[in-house]
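Subject: Structure handover

Hi,

Please read them with the model open beside you.

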Amino acid sequence: MTDTRAPRLDRLRQAISEAGLDGLVVSAPANIFYLSGFRGSAGALLVTSDRALLFSDFRYRLQAARQAPDWEFVEVPRRLFARLGETAAEAGLQRLGFDPAHLTCQRREQLAGAAPNVELMPADGLVEELRAVKSADELEAIRAAVALSDQAMARLVELLRPGAVERDLALEAEFLMRRAGAEAVAFDLIIASGPNSALPHAESGERKLAPGDLVVMDIGARKAGYCSDMTRTYAVGEASAQAREIYRIVYQAQRAAAAEVRPGAVCRELDRLARSVIENAGFAEYFGHGLGHGVGVEVHEAPRLGKEEERRLVAGNVVTVEPGIYLPEVGGVRLEDLLAVTEDGAETLTRSPMPPELPIV
Ligand code: ZN
Ligand code: ZN
């Protein structure tokens, strides 16, 4: 990965300089992994115009050499951010950026105490902006994660029947994905049946599936550090007219928005498009979350496809399109695909079938 990561550092250095900084402290694990390849649980990066340093402790020395061979490793037994501050001061940095969302007050004090003459400047989102545009290698990792969740979804559909327990289905999907090579699940898998399906972020619990249930299955795998994310909704045994209706509406909203994903599309207008389908059908108040989100090293990252998001999509973005309708006490429907924005449109990465009419098993 050495060669593929070098351009990221070049782009970050450009962003650091454009932000009026001469260095950046990187403390969020996802950003550390993205820039350096290091996957240890303790560490921080210091990036300057001519140096790239990885601070961590003895436990990670060998791992750092293997995962981040191009980074200068600085072994720090304790008070890592004080040492990082000393290094910044010795390097003569004047304006050092840090991400306020990811640096605790305690660590900031360590930094400031060790570098009294270095001005600490809040600088959030510099690395996240780079992460929003995927390279070919990253896209390949996401495809591998998607393939794992597609396989698991096919198996889940076979296992749907009255009496099946939500938690068992979630465990089965996790086991299948991990045995097929996933490093982990991308998030706590959601198998939500009956009234539980009306909770957008339900926990998979002890409930047994019953005839007439809607079952929302939201699953994702992590592979080579990258996530997948997909949702399908099925009915067990039978389905009410209302369940069929909300499924049809969510399907139309999903397709309408997915068809407009391309470079230049404004995120909030995509949300608006899907939302208007649901509003026009009379279910406005039952679609309470944003249309989608970026997926990569983290399962939720930039860009957000939300009501307020004015940015435009660019080639290399990977986003979900996942409208839903959630009727309290009754049940819900969510349909989620993962799309890669290409030079002239979009490619749907998820392959699991999404029928236009509510599928009943
Ligand atoms: Zn999802
Ligand atoms: Zn999602």
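Ala-224 is partly exposed, at 40% relative accessible area. (Buried means under 20%, exposed over 50%, and partly exposed in between, using a 1.4 Å probe and protein chains only.) Ala-224 sits in the loop between strand E10 (221–223) and strand E11 (226–227). Its phi is near 50°, a positive value in a residue other than glycine.

Some ground rules. This is a predicted model, where local features need pLDDT of at least 70, side-chain atom pairs count only at pLDDT 80 or more, and totals for chains, interfaces and linings use all residues. Residues are numbered from 1 along each chain as its sequence is written, chains are lettered from A and ligands numbered from 1 in the order in which they are written, and side-chain values use heavy atoms, with hydrogens and water left out.

Arg-79 also has a positive phi without being glycine, again near 50°. Arg-79 lies in the loop between strand E4 (72–75) and H4. It is partly exposed, with 44% relative accessibility.

Next, helix H4 itself (residues 80–90). Its buried residues are Leu-80, Phe-81, Ala-82, Leu-84, Gly-85, Thr-87 and Ala-88. An α-helix has 3.6 residues a turn, so residues three or four places apart point the same way. The cover over the buried residues of H4 includes strands E1 (23–26), E2 (44–48), E3 (52–56) and E5 (95–98), plus helix H5 (105–114). Just after H4, Gly-92 has a positive phi of about 75°.

Which residues does Gly-181 contact, leaving aside neighbours within four places in sequence? They are Leu-148 and Lys-223. (Contact means heavy atoms within 4.5 Å.) Gly-181 is in the loop between helix H8 (166–179) and strand E7 (184–185). Ser-352 is 171 residues from Gly-181 in sequence, and the two are 19 Å apart in space, C-alpha to C-alpha.

Now Asp-271. It belongs to helix H10 (residues 267–280). Is Asp-271 buried or exposed? Buried, with a relative accessible area of 1%. Its side chain reaches the backbone nitrogen of Leu-291 at 3.0 Å. Beyond residues up to four places away in sequence, Asp-271 touches Gly-290, Leu-291, Leu-305, Gly-306 and Lys-307.

One peptide bond to check: Ala-302 to Pro-303 is cis, with omega near -5°. Pro-303 is in strand E14 (residues 301–305).

Finally, the whole chain. It has 10 helices and 19 strands. (These are DSSP runs numbered from the N terminus: helices are H or I, at least four residues, and strands are E, at least two.) The radius of gyration is 23 Å, close to the 21 Å that the globule rule gives for 361 residues, so the chain is as compact as a globular protein of that length. (The radius is taken over C-alpha atoms; the rule is 2.2 Å times the number of residues to the power 0.38.) The C-alpha atoms fill a box of roughly 70 × 40 × 35 Å along the principal axes. Of the 361 residues, 53% count as buried. Among contacts between residues at least 6 apart in sequence, 68% join residues at least 24 apart.

Best wishes

How values were computed:
A polar contact is a pair of N or O atoms within 3.5 Å; within protein, one must be able to donate a hydrogen and the other to accept it, and residues adjacent in sequence count only if both atoms are side-chain atoms.
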